[in-house]
Amino acid sequence: MPLTGIEIFKLLPKTNCGECGVPTCLAFAMNLAAGKAELSACPYVSEEAKAKLSEAAAPPIRPVTIGVGDRAVKIGGETVMFRHEKRFENPPGFAILIKDTMEESEIDSRLERFKLQYERVGLTLRPELVAIKDDSGDAKKFEALVSKVKQNSDCSIILMSSNPDTLAAGLKVCADRKPLIYAATKDNLEAVADLAKGNSCPVAVKASNLEELAELSTKLTEAGVNDLVLDSGSRTLRQALEDQIIIRSAALNKKFRPLGFPTIVLPCEMTDDPMKEAIIASVFVAKYGGIIVLSDFQGHSLFPLLVERMNIYTDPQRPLATTEGIYDIGGPDENSPVLLTSNFSLTYFIVSGEIENSKVPSYLLVKDTEGLSVMTSWAAGKFVADAIAPFVKKCGIADKVKHHKLIIPGYIAAESGGLEEELPGWEILVGPREGAQIPAYLKTQKS
Ligand code: SF4
């Protein structure tokens, strides 16, 4: 049974030194009990106490890493049911399915589609995993496919077979990539557990219902296999979603260790309709898939899924923000226009993109608004004349241009009077409200 906050407190040094990031040992103990802190944050815990605390200190959902290097996927480690309570920690990995019965040309084109990637708000969004499925029952064919995938891609790998000999053939080729072994079931548990231990790889455990899943995961942990990923076996959206919620709730709210692992979901086995599959996948991005296996990747469905993942796994208390400063766009000179915007990343990338589209070299002043958009930061008093004027004065733009004209976003037109008072000698021009209108506006300014 997990320890209570008070029981944990009794084992801590009680010096209240604050080095763990909270002011008292009691506060740290409470965080530890709630799964919101790591024991390693306190440098003064004795070895004896560490041993006793290991149960309480273990995160309620064990973090599991699949793969190595840039495409390694860390899943699990979650501490809340709802994103607004704190944040979701580790985004799910997306996998493309490749079967060993597919034509070479199809395999090649899937490996090509695995390379799909997109730039968004300064981040590169891309999938991480290839799920290689034994469809032929031929271990040599499976091994050859694993070898081909490994040679042609830096992906993380999922080896999918119910036959431990076939899984062993795949592991022979790619154990150094630390693939996810899929899956241990009631029929092959011991053999797959041996493979996982022998190759130090994570293993997925698949059952036909949650009770069986808990039994199998308990057997695996007792056998010394701790990096588990859970598959409840449900292949309808309704049942699979219900399972995801029960697993998360049992792990977090009941501290039920047998279900305290990340999950794998397979929309590829829930429908033959690619559009429905993408919608099902989107549900599991929100609740609570760890690995999401898709039958194929297509740009029009993969891109929205990647953006959804990015949005849901962004810390809601810390919006994506761009650094405050002057941004040169298109090689501006002393006669170039000067525009102002907030430092919400999405706003910055839209505005800078539209300035680029206009082909009018410009300076873009990005004011720190704590990552809030123009309207939100204005309403919060962070993007008003009193706050903007000191930034304009100190950023150094006055030394870069001969004119003193500042173009502000149309949404804060009400600040133009205040800015002219705060910035003597500057002419304040009210620009467009929407980014899409910037190119036409800048061309007018030029003429
Ligand atoms: Fe207490 Fe350790 Fe935190 Fe110091 S670092 S306040 S000793 S829990």
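Modeller: Happy to; we will go through rings, charges, backbone angles and the ligand.

Modeller: This is a predicted model, where local features need pLDDT of at least 70, side-chain atom pairs count only at pLDDT 80 or more, and totals for chains, interfaces and linings use all residues. Residues are numbered from 1 along each chain as its sequence is written, and side-chain values use heavy atoms, with hydrogens and water left out.

Biologist: Why is the pair of Tyr348 and Phe349 called edge-to-face?

Modeller: Rings of Phe, Tyr and Trp (its six-membered ring) pair if their centres lie within 6.5 Å; planes under 30 degrees apart are stacked, over 60 edge-to-face, and the rest tilted. The centres of Tyr348 and Phe349 are 5.0 Å apart and the planes stand at 75 degrees, so the pair is edge-to-face.

Biologist: What makes Tyr348 buried, and what is Phe349 counted as?

Modeller: Buried means under 20% relative accessible area, exposed over 50%, and partly exposed in between (1.4 Å probe, protein chains only). Tyr348 has 12%, so Tyr348 is buried. Phe349 has 34%, which means that Phe349 is partly exposed.

Biologist: How many aromatic pairs does a search of the whole structure find?

Modeller: Five. One of them joins Phe88 and Tyr288, edge-to-face with 6.2 Å centre to centre and 75 degrees between the planes. Phe88 and Tyr288 are both buried. Ring pairs also link Phe88, Tyr288 and Tyr313 into a cluster.

Biologist: Which charged end sits over the ring of Phe88?

Modeller: That of Arg248, 5.6 Å from the ring centre. The rule asks for NZ of Lys or CZ of Arg within 6 Å of the ring centre and within 35 degrees of the ring normal. Lys14 likewise lies over the face of Phe9, at 5.7 Å from the ring centre.

Biologist: What is noted about phi in Lys359?

Modeller: Phi of Lys359 is near 60 degrees, a positive value in a residue other than glycine. Most residues other than glycine have a negative phi. Lys359 has a relative accessible area of 69%, so Lys359 is exposed. Lys255 also has a positive phi, about 50 degrees, and its 28% relative accessibility makes Lys255 partly exposed.

Biologist: What kind of peptide bond joins Tyr182 and Ala183?

Modeller: A cis one, with omega about 5 degrees. Most peptide bonds are trans.

Biologist: Which residues are around the ligand?

Modeller: Among them are Pro13, Cys17, Glu19, Cys20, Cys25 and Cys42; a residue is near a molecule if one of its heavy atoms lies within 4 Å of it.
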